[in-house]
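Grab a pencil and work through these exercises one at a time. Try each task yourself before you read its solution.

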Amino acid sequence: GVGASRLLEVNFSQANFDRWGVRPTPAGRALGLDGWWTAGWSAGPGSVDEVLATDERGEAAAWIRHYDKGRFVMLSRGPQPWTDYEIVRFVADRALP
């Protein structure tokens, strides 16, 4: 967590790999996220620029962080990775400039 926090400038202090239920926010639904899933690596919502989905604790499980020359899109999921790559591409196409 420390290296990722430093690299991405995002607060992962609450991340502990426990799986929590996740639901998209209105911003996430606008980008194509729907339903619910589980995730185990969420960030502090105040440390990201756009929260796309929150877990049961209110942490950001899917989010966007803006940087000087681009954006980083995180779609946390677990224990299984995303298998619907179309939704990943769909979100990225809309979230990235």
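**Exercise 1. Find out how much of the chain is buried, and how its contacts and surface are made up.**

Start with burial: of the 97 residues of the chain, 39% count as buried (buried means under 20% relative accessible area, exposed over 50%, partly exposed in between, with a 1.4 Å probe and protein chains only). Before going on, keep in mind that this is a predicted model, where local features need pLDDT of at least 70, side-chain atom pairs count only at pLDDT 80 or more, and totals for chains, interfaces and linings use all residues. Residues are numbered from 1 along each chain as its sequence is written, and side-chain values use heavy atoms, with hydrogens and water left out.

Next, contacts, meaning heavy atoms within 4.5 Å. Take those in the chain with a separation of 6 or more: 48% of them are between residues 24 or more positions apart.

Last, the surface. The chain's accessible surface is about 5,800 Å², and carbon and sulfur atoms hold 52% of that (areas come from the Shrake-Rupley method with a 1.4 Å probe; for residues, only the protein chains shown count as cover).

**Exercise 2. List the helices and strands in order, then check how compact the chain is.**

Count first: there are 3 helices and 5 strands. These are DSSP runs numbered from the N terminus, helices being H or I with at least four residues and strands E with at least two. Now read along the sequence, and you get α-β-α-β-β-β-β-α. The radius of gyration is 12 Å, close to the 13 Å from the globule rule for 97 residues, so the chain is as compact as a globular protein of that length. (That radius is taken over C-alpha atoms, and the rule is 2.2 Å times the number of residues to the power 0.38.) Along its principal axes, the C-alpha trace spans about 30 × 30 × 20 Å.

**Exercise 3. Work out which strands pair with which.**

Here's the test: two strands pair if DSSP finds at least two bridges between them.

- Begin with β1 (residues 20-24) and β3 (residues 50-55), which pair antiparallel over 3 bridges. In this pair, Arg23 sits opposite Thr54 of β3.
- β1 also runs antiparallel to β2, with 3 bridges joining them. Gly21 has Thr38 in β2 as its bridge partner.
- Then β3 pairs antiparallel with β4 (residues 60-67) over 4 bridges, and Ala53 faces Ala62 in β4.
- β3 and β4 make a hairpin with 4 residues between them, and Gly58 in the turn has a positive phi of about 90°.
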